[in-house]
Amino acid sequence: MTVRTARNLLRCVSLRRAWNLLRVFASFQLSARSGRSIVWGLPYTLTVEPTNRCNLSCPECPSGNGEMVRPLGSMPLPFFERIIDELRGETFYLQLFFQGEPFINKQLVAMVETARKRRMYTAISTNAHFLTRSASEALLDAGLDRLIVSIDGMSEETYQEYRVGGTLARVVEALGTLREARNGHPHGARMEVVLQFLVTRQNEGEIPALRALAREHGASVALKTIQVYSLESAERFLPADEKYRRYTIENGQLRPKSALANRCVRLWERSVITWDGTIVPCCFDKNAEYPLGSLADGSFTDAWKAPAYESFRARILSDRRGVPMCTNCTEGLKVYR
């Protein structure tokens with residue numbers, strides 16, 4: 001965590017939120033030790049999906065490769081406001097991204113404004129193809145805390161190997177535009193910009209160039225292991241450097257490096273809400289295969305402690321390896337910066 005991140009988070013602290021945070025961690029520790037689901041408090045981190053539509057066709061992403069089986073759409077602003085107003089007392093970290101490109105939802109800036117008025121730390125992840133000067137200034141005016149820019153190659157050839165349909169030149173142009181907007185804005189120093197890099201076989205030699213670009217634009221770097229779904233994709237994309245691999249390949253099978261113990265703090269500290277109000281366990285449930293409730297039918301608080309959520313937590317505490325999506329989990333893996 002950077003000093004800037006810590007400072008921005010501290011602005012969001014209240015006694016009620018701090019008490020909720022302590023209750024969440026205490027109940028998770030008791031659950032992990034007892035093997036029985038005990039839930040106190042509400043999630044302090046929330047992921048809300050503005051849209052699951054995308055302008056790119058990344059080969060390992062359901063939004064881009066045509067494997068998204070749930071309906072496509074965008075969350076209406078009044079629906080978002082209802083969610084935030086229910087959880088504003090406990091939740092203080094908001095991620096406005098899941099699947100899709102957030103800027104496709106025309107209400108994205110208004111969503112940031114809504115969250116900031118309720119003193120929530122807000123973050124967006126984008127491929128930057130819609131990051132114009134006006135969009136940059138609007139995000140600064142709205143008080144966005146963290147902007148993650150996905151940039152998975154430092155040449156057009158390597159970038160377009162994964163970010164199909166996009167161009168590196170457009171991303172670099174957007175970074176320059178954003179830097180100029182930040183330099184001329186009274187809140188420019190508050191926004192943290194992160195260049196996120198999926199390390200692949202094609203781009204692993206370009207990390208020094210990425211770091212140089214980040215320095216030029218006043219950004220930090222986050223190196224991320226790539227998620228794949230088949231041995232064929234693994235052979236195409238997994239980098240040669242083992243430290244950047246999420247998996248090992250044994251007897252022709254992909255195996256995650258993470259230990260997959262029968263526990264997962266994510267089911268106590270956070271939740272994910274899709275554009276249509278479906279509640280899912282975490283960001284690895286991209287196609288909402290494990291729905292735990294719907295905000296179209298009721299409140300989040302009711303769903304959080306309802307039988308569906310409790311049953312899923314109990315399943316994780318007894319047989320996490322038996323949940324297929326968990327085999328792609330990065331919990332326990334090192335994050336490189």
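Tutor: Let us begin with how helix axes are compared: axes are lines fitted to C-alpha atoms, for helices over the stretch in contact, and angles run from 0 to 180 degrees between N-to-C directions. Helices (H or I, at least four residues) and strands (E, at least two) are DSSP runs, numbered from the N terminus. This is a predicted model, in which local features need pLDDT of at least 70 and side-chain atom pairs count only at pLDDT 80 or more, while totals for chains, interfaces and linings use all residues. Residues are numbered from 1 along each chain as its sequence is written, and side-chain values use heavy atoms, with hydrogens and water left out.

Student: What makes α4 roughly parallel to α5?

Tutor: Helix α4 (residues 77–87) packs against helix α5 (residues 108–117) at an angle of about 20°, their axes being 10 Å apart. Angles under 35 degrees count as roughly parallel, over 145 as roughly antiparallel, 65 to 115 as roughly perpendicular and the rest as oblique, and α4 is therefore roughly parallel to α5.

Student: Why are α6 and α8 called oblique to each other?

Tutor: Helix α6 (residues 133–142) and helix α8 (residues 168–183) pack at an angle of about 40°, with axes 9 Å apart, and this pair is therefore oblique.

Student: Which residues of α6 and α8 meet?

Tutor: With contact meaning heavy atoms within 4.5 Å, Arg-133, Ser-136, Glu-137 and Leu-140 in α6 meet Thr-177, Leu-178, Glu-180, Ala-181 and Arg-182 in α8. The residues of this contact divide into three nonpolar, two polar and four charged, where Ala, Val, Leu, Ile, Met, Phe, Trp, Tyr, Cys and Pro count as nonpolar, Asp, Glu, Lys and Arg as charged, and the others, Gly among them, as polar.

Student: How do you know that the buried residues of α6 line one face of the helix?

Tutor: Buried means under 20% relative accessible area, exposed over 50% and partly exposed in between (1.4 Å probe, protein chains only), and in α6 the buried residues are Ala-135, Ser-136, Leu-139, Leu-140 and Ala-142. Seen down the axis of α6, they fall within an arc of 165°, so they line one face; the arc is that of the directions from the helix axis to the C-beta atoms. The face turned away from the buried side of α6 carries the exposed residues Ser-134 and Asp-141.

Student: Why is Ser-294 called partly exposed?

Tutor: Ser-294, which is found in strand β11 (residues 293–294), has a relative accessible area of 22%, and is therefore partly exposed.
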